[in-house]
Amino acid sequence: MATTKVIDWDKVKSGTRQKRIFSNLTFIIPSAVLLFLILTAIFAPLLAPYPYDQISMPDRLMPPFFISGGTTAHLLGTDNIGRDVLSRVIYGAQISLSISLIVIAITSSIGTVVGIISGYTGGRTDAFLMRVTDISLAFPPILVALLLAATLGPGYWTVVLAISLLGWAPYARLIRGEALKLREADFVAQARIIGASPMRIMVRHIFPNIINPLIIMVTLSVGMVILTEAILSYLGAGIPPPAASWGNMVNDGRNLIDSAWWISFFPGLAIGFVVMAGNFLGDWLRDKLDPKLRQI
Amino acid sequence: MNKVLLRVEGLRTFFFTRKGVVKAVDGVSFYVREGETFGLVGESACGKTVTALSILRLLPEPAGQIVGGKIILDGTNLLELHKNEMRKYRGKVISMILQDPMTSLNPVYTVGDQIAESVRLHQGLHDEKVEEEVISALRLLKIPSPEVIMRDYPFQLSGGMRQRAVGAIAMSCHPRLLIADEPTTALDATIQAQYIALFKDIQKKTNVAIMFITHDFGVVANMCHRVGVMYAGKIIETATTREIFKAPKHPYTSALMNSVPRLDQKGERLYSIKGQPPSLRDLPPGCRFFPRCPVAEDICHQQEPSEVEISQGHFVSCWRVK
């Protein structure tokens with residue numbers, strides 16, 4: 001005899017409720033982290049216990065307060081010239097976050113426009129735009145950045161320009177592929193049939209359908225931009241000292257990593273938080289934007 | 001009799017590919033009257049869809065080119081219009097329904113939004129008026145509770161509902177000519193019958209001319225007033241549906257008729273036409289059907305037959321018909 005399976009509906013319901021709470025958590029926690037960091041960046045002068053560039057040689061290489069030898073005067077310790085790590089992490093948020101925001105806004109916009117036009121129009125336009133993209137991808141970005149820093153002088157906008165100048169190319173590649181696929185879609189044919197212009201088809205029919213890969217790319221770029229900025233800072237082409245960015249802080253502590261790990265660790269932790277928050281938020285957003293998943 | 005809305009004369013559409021010129025449509029002529037359904041029948045790859053796309057001038061460029069002929073819609077030769085002018089015709093004067101309802105709706109917009117797009121493009125109305133038009137288009141297609149359905153996304157609808165939604169987009173601007181490219185192929189038999197009944201009803205209400213592309217003679221019998229049978233890029237026989245069924249003149253047409261399974265005749269193996277249609281890249285001289293024709297004569301592979309009118313409105317291109 002077959003046994004009957006009794007479905008416990010209360011359990012099923014509580015299961016979906018748990019799922020819902022979890023799915024909300026993947027939104028709440030990363031946005032809270034990002035909001036916290038953004039507010040930190042905005043109110044840095046009020047929050048930081050010390051100025052970011054205050055040197056104090058007697059206090060150099062002090063460990064964080066929870067390790068013996070540390071004091072609560074410097075909660076996260078000090079670096080090799082006695083600057084307060086906590087204050088520098090707080091100020092660093094200003095530079096690192098704003099740079100990645102600006103760079104991503106620039107690169108994703110250019111990449112999306114180039115990619116959609118290239119993929120949808122096809123033919124010679126496509127060939128031309130893709131060769132430009134190839135060339136951009138072929139250039140070593142660090143060398144170009146160094147060249148820019150040498151000619152323009154290192155600085156905030158040099159970094160933005162240096163990363164953006166070539167950074168749009170991967171976006172263009174990705175978006176072009178998607179646009180190429182969508183160009184043949186029946187609903188695009190349908191749009192042509194009702195008399196929509198190419199411009200309208202690109203903006204209204206192709207663009208909304210490539211938002212998902214775009215978001216994923218954007219969230220992944222956050223970490224990449226911050227890291228590129230770090231590399232540039234290390235090579236002297238990034239944010240010039242004494243200004244603090246998370247990237248140049250990680251590099252400052254590189255040589256002392258086995259004795260004074262906190263100099264690199266805390267800015268590194270901040271980078272990790274941003275990258276992870278970005279990824280989680282991207283996932284959540286993708287689920288929300290996909291109408292197929294919206295009402296499940 | 002109603003006046004002729006669309007007249008296609010000697011249409012030739014070629015595809016210029018690396019391997020050579022594909023003569024997808026090679027001298028097609030037919031007309032469609034207002035309020036009439038003209039069926040275009042033929043096997044796959046005989047040029048039915050390319051004929052439809054040529055009328056809309058939506059061929060995949062640069063490979064597909066209309067190299068000759070005229071497409072006259074209500075006195076205007078569509079082939080002479082500037083492309084911006086042509087765009088105004090699409091959706092408003094000529095509309096088309098594609099084969100697959102699952103993919104012809106944009107997944108990210110609600111059904112209402114997609115109908116509204118067409119209404120906005122062509123009628124320049126205020127938002128409230130647009131919504132009225134959207135609802136009336138959905139009503140025309142007999143979609144239940146249009147106010148609810150218009151806020152649904154395509155994935156929330158069944159296949160039959162989606163196909164109706166596609167029909168609502170096509171009919172939203174009250175076109176005068178509707179091209180339906182095998183719209184019932186993806187539907188099951190019950191829904192198919194409903195859909196055809198629906199279009200007959202819509203035609204009565206709006207007097208729209210329908211050009212119905214299909215390979216299903218059952219659908220033709222049900223839906224069309226007149227039929228053109230296409231073979232290898234040419235229309236080889238045109239007649240009223242009644243005549244085509246009663247007295248097909250071209251050997252290809254009668255062969256097609258014989259290969260339709262029938263319930264009222266018991267018997268043998270289902271008839272099928274031997275051989276393959278010719279490659280459109282490399283057409284044989286003479287009649288295109290010659291290699292497969294059971295009654296071919298010498299002249300058939302020497303010279304191409306021209307179209308003769310054997311009775312009022314019944315045109316055949318065959319040497320055997322005098």
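**Figure 1. Burial and overall dimensions of chain A in the predicted model.** Of the 296 residues in chain A, 38% are buried, where buried denotes 20 or more other C-beta atoms within 10 Å of the residue's own, exposed 12 or fewer, and partly exposed the range in between, with C-beta atoms placed from the backbone. This is a predicted model, in which local features need pLDDT of at least 70 and side-chain atom pairs count only at pLDDT 80 or more, while totals for chains, interfaces and linings use all residues. Residues are numbered from 1 along each chain as its sequence is written, and chains are lettered from A and ligands numbered from 1 in the order in which they are written. Chain A contains 12 helices and zero strands; helices (H or I, at least four residues) and strands (E, at least two) are DSSP runs numbered from the N terminus. The radius of gyration of chain A is 24 Å, whereas a compact globule of 296 residues would have one near 19 Å; the radius is taken over C-alpha atoms, and the globule rule is 2.2 Å times the number of residues to the power 0.38. Along the principal axes, the C-alpha atoms of chain A fill a box of roughly 75 × 70 × 35 Å. Of the contacts in chain A with a separation of 6 or more, 68% join residues 24 or more positions apart, a contact being two residues whose C-beta atoms, placed from the backbone, lie within 7 Å.

**Figure 2. The buried side of helix α8 of chain A.** Helix α8(A) spans residues 198–206, and its buried residues are Ile201(A), Met202(A), His205(A) and Ile206(A). These residues lie on the same side of α8(A) because they cover an arc of only 115° around the axis; the arc is that of the directions from the helix axis to the C-beta atoms. Among the elements that cover them are α3 (85–121), α6 (156–183) and α7 (186–193) of chain A.

**Figure 3. The side of chain A that touches chain B.** Contacts link 16 residues of chain A to 24 residues of chain B. On the chain A side, the elements giving two or more residues are α7 and α12 (291–294). The largest share, six residues, comes from α7(A). By class, this side of chain A has eight nonpolar, five polar and three charged residues. Ala, Val, Leu, Ile, Met, Phe, Trp, Tyr, Cys and Pro count as nonpolar, Asp, Glu, Lys and Arg as charged, and the others, Gly among them, as polar.

Figure 4. Chain B has 10 helices and 12 strands. Its radius of gyration is 21 Å, close to the 20 Å that the globule rule gives for 322 residues, so chain B is as compact as a globular protein of that length. Buried residues make up 45% of the 322 residues of chain B. The chain is divided into domain 1 (4–93 + 175–266 + 306–316) and domain 2 (103–173), with bounds from an automatic or database domain assignment. The centres of domain 1 and domain 2 of chain B, taken over C-alpha atoms, are separated by 26 Å. Between these domains, 11 residues of domain 1 are in contact with 12 residues of domain 2. Helix α7 (residues 189–206) of chain B supplies the largest share of the domain 1 side, four residues. That side of domain 1 has nine nonpolar, one polar and one charged residues.

**Figure 5. The largest nonpolar core.** A nonpolar core is a set of buried Ala, Val, Leu, Ile, Met, Phe, Trp, Tyr and Cys residues joined through C-beta atoms within 7 Å. The largest one has 152 residues, of which Ala168(B), Leu177(B), Ile179(B), Met211(B), Phe212(B) and Val229(B) touch the most other members. Helix α3(A) gives the most to this core, with 15 residues. Domain 1 and domain 2 of chain B each contribute at least three residues to this core. Apart from neighbours within four places in sequence, Ile179(B) is in contact with Ala52(B), Ile55(B), Ile94(B), Met96(B) and Met211(B).

**Figure 6. Helix α1 of chain B and Ile55(B).** In α1(B), eight of the nine residues are buried. Ile55(B) lies in this helix, which spans residues 48–56. Ile55(B) counts as buried because 23 other C-beta atoms are within 10 Å. Leaving aside neighbours within four places in sequence, the contacts of Ile55(B) are Ile71(B), Leu78(B), Ile94(B) and Ile179(B). Just after α1(B), Arg57(B) takes a positive phi of about 55°.
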